[in-house]
Amino acid sequence: MTQTYNSTISENDTEAKSIQLETLSKEFEGRLDMEKFKRRFTKWLDRKSDSTEEQASKKLIQLALEGVDIDAPDWTFVAAAELLNTMYRDAQANRGYEGKSYGPFYELITELSQLSEGQRYPIYKPELLSSYTKAEIEELGSVIDPEKDKLFSYIGIYLLNDRYLARPKKDKVFELPQERFMIIAMEIMRMEKTEHRLQLIKEAYWAMSNLYMTVATPTLSNAGKTHGQLSSCFIDAIEDSIDGIYLSNYDAAKVSKFGGGVGLYVGKVRSLGSDIRGFSGNSSGTTPWIRLFNQTAVSVDQLGQRKGAIAIYLDAWHKDIMSFLDLKTQNGDDRLKAHDIFTGVCIPDLFMEAVRDRKEWYLFDPHTVKQTLGFSLEDLYDEKKGEGSFRNHYALAVEAAENGTLPNYSFEKINAMDIMKSIMISQLEEGVPYMFYRDEVNRKNPNKHKGMIYCSNLCTEIAQNLSPSTITDEYETEDGDVVVVRKSGDFVVCNLSSINLPRAVGSDVLERLIPIQIRMLDNVIDVNNLPVKQASISNKRYRAIGLGTFGWHHLLATQNIYWESDEAVRYADALYEKIAYLTIKASNELAKEKGSYPYFEGSDWHTGDYFELRDYTDQKWLDLKADVQEHGTRNGYLMAIAPNSSTAKIGNSTDGIDPLYEIEFYEEKKNFKFKVTAPGLTPNTYEYYKKTRFNLDQLESIRQNAARQRHIDQAISFNLYVHNTIKAKVLLDIHLTAWESGLKSTYYVRSTSSEYDNACESCSS
């Protein structure tokens with residue numbers, strides 16, 4: 001194991017974050033004079049410490065000097081205990097209590113519900129005090145279990161403390177981890193009936209405190225606080241008009257301001273050279289508008305913590321597709337670039353068939369097609385594999401192009417493989433575009449009776465009905481105010497939460513866990529304060545949620561299953577079928593109690609098509625199908641597998657469904673760099689971690705994901721890992737296999753030449 005020593009650390013450096021954990025390694029004994037090392041840190045160790053992290057780091061330095069080996073996997077819990085003890089001491093000093101790690105819970109809520117010096121608003125919402133009696137809060141406080149803090153690894157507790165715990169001031173430790181979990185439970189269950197509310201709060205706390213699950217990062221950070229919303233990502237479709245474009249930009253700015261990631265569909269916007277009000281050749285196409293959204297992403301940050309994150313999707317048949325694929329590449333005219341957004345391509349089956357068969361492909365302007373032929377290609381998809389509305393209407397558009405009888409009919413003919421080459425070049429250089437297989441997505445859409453799914457979100461796991469909002473009226477009131485009336489389209493909202501697979505499966509608690517998790521997700525819809533009104537309307541129409549998972553590779557290791565094996569595929573199929581069954585059943589039970597979502601009637605849930613399309617024929621599935629048809633489901637969309645990066649670290653497991661990066665590696669963000677060891681590493685599990693992400697056969701990963709996707713009604717954040725020397729034919733084969741296997745989307749193509757941070761921190765639930 002190779003270590004590096006940061007020789008630039010100053011003895012006066014007050015930032016504990018710069019005291020990297022690699023300096024604690026015993027390997028210094030062979031490469032560094034320990035006496036010089038001791039002298040170097042003597043003054044620093046003796047100086048008064050103000051920072052919680054610095055105090056903990058001093059203790060770690062001392063332990064290192066005493067010869068403690070941080071390469072042992074359990075070292076992370078020793079380090080976590082030191083940081084926790086320092087947090088306890090600081091919280092005691094700041095809150096003025098003595099004698100135990102956690103102070104009075106009621107006093108915490110009371111103090112943070114009041115204004116402190118220099119604050120414009122309290123930290124906690126007043127509803128926490130007005131909705132619960134003092135006796136209820138004290139009862140809930142008695143349930144808080146400090147022993148659960150011992151479950152955190154060092155990086156987990158560091159992230160929780162650094163980013164999510166409530167503080168009146170940035171440098172003051174106040175709220176502690178178990179209190180954050182209890183506050184989240186209280187806020188999410190606040191509107192439940194009082195006769196069973198406390199029990200539900202305790203159950204939610206049980207789920208979170210045992211790290212059986214995590215909530216989405218916006219929920220983790222903002223629940224119970226006066227500011228911020230609880231949902232992860234939002235998706236909007238842009239209307240082909242100046243009003244539509246700028247109003248979508250306004251909505252994207254508001255979402256970004258409050259910490260949400262944004263997905264945008266621009267496939268309805270006319271292409272370069274299209275006509276405007278009958279004047280041909282005047283449209284500047286999609287690129288200038290995408291650059292506008294790029295500037296919004298840069299200018300409007302997420303609560304002051306990071307720049308906004310926006311993904312933009314375009315159809316593979318759109319006439320601007322080639323310039324779209326060049327938006328993020330390093331060559332070409334920088335005035336035509338948008339380096340700060342993320343791109344995705346909406347791909348019909350017909351395009352992949354043309355690539356496979358090396359056929360020509362036609363590109364069209366959506367405005368011209370609509371004006372001359374009377375239909376919109378983007379509003380159509382193939383209802384069955386190999387046949388359907390899209391390919392039939394695409395053939396009509398091609399016929400019109402080949403006849404050449406329509407004046408100003410805008411199209412272009414190109415080899416489908418040329419587009420695919422541009423896609424793959426961009427992916428190897430920049431990791432994007434994402435691939436969104438729109439026909440498969442819409443065939444499996446349980447709410448196709450109410451609309452169309454045009455694209456996904458920032459992390460490719462959300463697949464919900466989407467449509468533009470349009471201005472229908474504008475008038476002046478008697479007081480001289482101007483009122484703009486907008487007809488609300490389907491503005492997608494992602495409400496996420498994830499199961500910690502190795503802990504939940506290992507403890508055999510899925511049957512108990514999933515019902516409380518679904519209730520928590522459903523309640524987020526009612527307590528949330530969304531920044532865009534159309535989002536609130538869509539949220540209540542569909543009551544969409546996204547139950548996900550993380551820790552897949554960790555789970556395989558604990559189950560002694562190799563990643564590249566038939567057993568892994570079978571296990572993915574069986575486990576996710578079980579999760580799907582329990583999730584649908586939980587939403588069905590919730591519908592019996594609270595009612596179905598408003599658009600249930602006519603949905604695939606209602607007709608039973610949802611179960612038939614997935615070949616659920618066992619008796620338990622037939623019984624559930626009948627129950628759903630009779631009583632409904634509370635939620636129109638139920639499952640989505642997010643990337644789960646940050647919260648997987650809090651849960652001390654591996655990211656999402658991804659294979660491990662390395663058995664031992666450095667986790668680095670803008671304010672820290674920590675050494676991380678594979679979770680649950682033992683001589684037994686080492687064998688199953690040995691092959692890591694860039695050494696695994698991607699076709700085996702696709703097989704696993706195809707088995708998993710069958711049971712997920714939405715989609716999955718699924719990365720592809722390749723070497724930068726990969727041959728074009730091999731990468732093409734990977735994409736063709738992913739499409740033929742029925743995947744709905746693929747996320748980044750990550751190559752060994754570069755690595756990419758998750759675009760949307762919010763999705764890492």
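Reader: Which residue with a positive phi follows helix 10?
Author: Leu-211 follows helix 10, and its phi is near 60°. Helices here are DSSP runs of H or I with at least four residues and strands are runs of E with at least two, numbered from the N terminus. This is a predicted model, in which local features need pLDDT of at least 70, side-chain atom pairs count only at pLDDT 80 or more, and totals for chains, interfaces and linings use all residues. Residues are numbered from 1 along each chain as its sequence is written, and side-chain values use heavy atoms, with hydrogens and water left out.

Reader: What span does helix 10 reach?
Author: Helix 10, residues 194–209, reaches 23 Å from its first C-alpha to its last. That is close to the 22 Å expected for its 16 residues, taking 1.5 Å times one less than the number of residues.

Reader: And which of its residues are buried?
Author: Among them are Arg-197, Glu-203 and Trp-206. Buried means under 20% relative accessible area, exposed over 50%, and partly exposed in between, with a 1.4 Å probe and protein chains only.

Reader: Changing topic, where is Asp-508 found, and is it buried or exposed?
Author: Asp-508 is in the loop between helix 20 (501–506) and helix 21. Asp-508 counts as exposed because its relative accessibility is 57%. Although not a glycine, Asp-508 has a positive phi of about 55°.

Reader: Which peptide bond is cis?
Author: The bond from Val-432 to Pro-433 is cis, with omega near 20°. Pro-433 lies in the loop between helix 18 (416–430) and strand 10 (434–437).
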